[in-house]
Amino acid sequence: MRNKKITGLCLTGLFSALLFFKLPAYGLEYGPGCPDIGPYGTPSNNPAYNTGWSGGVGPGYEGSNPSGSREENIFSGGPNSDRAKKYLEEEKDAVHVFDTYFGGRWEQTAEGSWKLLKDDGHPVSSQWAYVDGQTYLLDMYGIMQTGFKKVNDKWYYFNSVGAMKTGWLLKNGKYYFMNADGSMAYGWVNSQGSWYYLDQNTGVMVTNSYTPDGRYVNAEGVLVQ
């Protein structure tokens, strides 16, 4: 009996240790500067994001996206199709960053752009930056980015002062939904209790139309039950 108790305690301790080292640090796996994201990716205190569905899966479904991945849809017409060419052209300007710099001070250049300086006076470059509760993107030249930017194969939006946008975004008369980590959402999203569908290729909210899985969304983009 004593040996069984000791073995049980050892196994419990081993499992706890493995679980401890397996969990990702806050904000590292789910995007830049997201201290409100737990290790399971659940946003807290964000009324614009109600867990939603990842991978474009909609209400009443389980498993992977029945419409296929975005890449599969893009290349369905072949590598020389207009959609495929546009995707490959976007990839040329794609940014890949993996580190986040915390703090720093802003300095405006003679051309009017902004740079974030480290304590040693050198600019932050090719990094996310988390300053005063907001997330920014600095390119390889240290220039603060604005507008839509493709980073690590995902689209993000940075407003006119460079702050990363989350939740609903209205741009040029079209609605997009930016996830809690700032990345653009595709497929079905649940926002404040209502379901919306974002186009699998553009991320634009669909209105007055049937979705690929046969459901209908009204003029406001809300799923009609």
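Here are some friendly notes on the predicted model shown above.

1. **Ground rules.** This is a predicted model, in which local features need pLDDT of at least 70 and side-chain atom pairs count only at pLDDT 80 or more, while totals for chains, interfaces and linings use all residues. Residues are numbered from 1 along each chain as its sequence is written, and side-chain values use heavy atoms, with hydrogens and water left out.

2. **The chain as a whole.** The chain contains 3 helices and 13 strands (DSSP runs numbered from the N terminus: H or I of at least four residues for helices, E of at least two for strands). Of its 225 residues, 39% are buried (under 20% relative accessible area; exposed is over 50% and partly exposed is in between, with a 1.4 Å probe and protein chains only). Among contacts (heavy atoms within 4.5 Å) between residues at least 6 apart in sequence, 40% join residues at least 24 apart. The chain exposes about 13,700 Å², and carbon and sulfur atoms supply 53% of that area (Shrake-Rupley method with a 1.4 Å probe; for residues, only the protein chains shown count as cover).

3. **The open sheet.** Three strands run in the order β1-β4-β5, with mixed pairing (two strands pair if DSSP finds at least two bridges between them). At the edges are β1 (100–102) and β5 (134–138), each pairing on one side only. Neighbouring strands of this sheet are turned by 30° against each other on average, direction ignored (axes are lines fitted to C-alpha atoms, and angles run from 0 to 180 degrees between N-to-C directions). Strand β4 (residues 127–131) pairs with β5 in the antiparallel sense over 5 bridges, and Val131 has Gln134 in β5 as its bridge partner.

4. **A hairpin to look at.** Strands β6 (residues 147–151) and β7 (residues 154–158) are antiparallel partners over 5 bridges. Lys150 stands opposite Trp155 in β7. The hairpin has 2 residues between the strands, and Asn152 takes a positive phi near 50°.

5. **The surface patch.** Tyr210, Tyr216 and Val224 form a nonpolar surface patch with about 310 Å² of accessible area together (residues with over 30% relative accessible area and no salt bridge; nonpolar side chains are joined within 5 Å, like charges within 9 Å). Tyr210 lies in strand β12 (residues 209–210) and counts as exposed at 58% relative accessibility.

6. **The salt bridge.** The count comes to 1 salt bridge (a side-chain nitrogen of Lys or Arg within 4 Å of a carboxyl oxygen of Asp or Glu). Asp213 forms a salt bridge with Arg215, their closest N and O atoms being 3.9 Å apart. Asp213 is partly exposed at 23% relative accessible area, and Arg215 counts as partly exposed at 26%.
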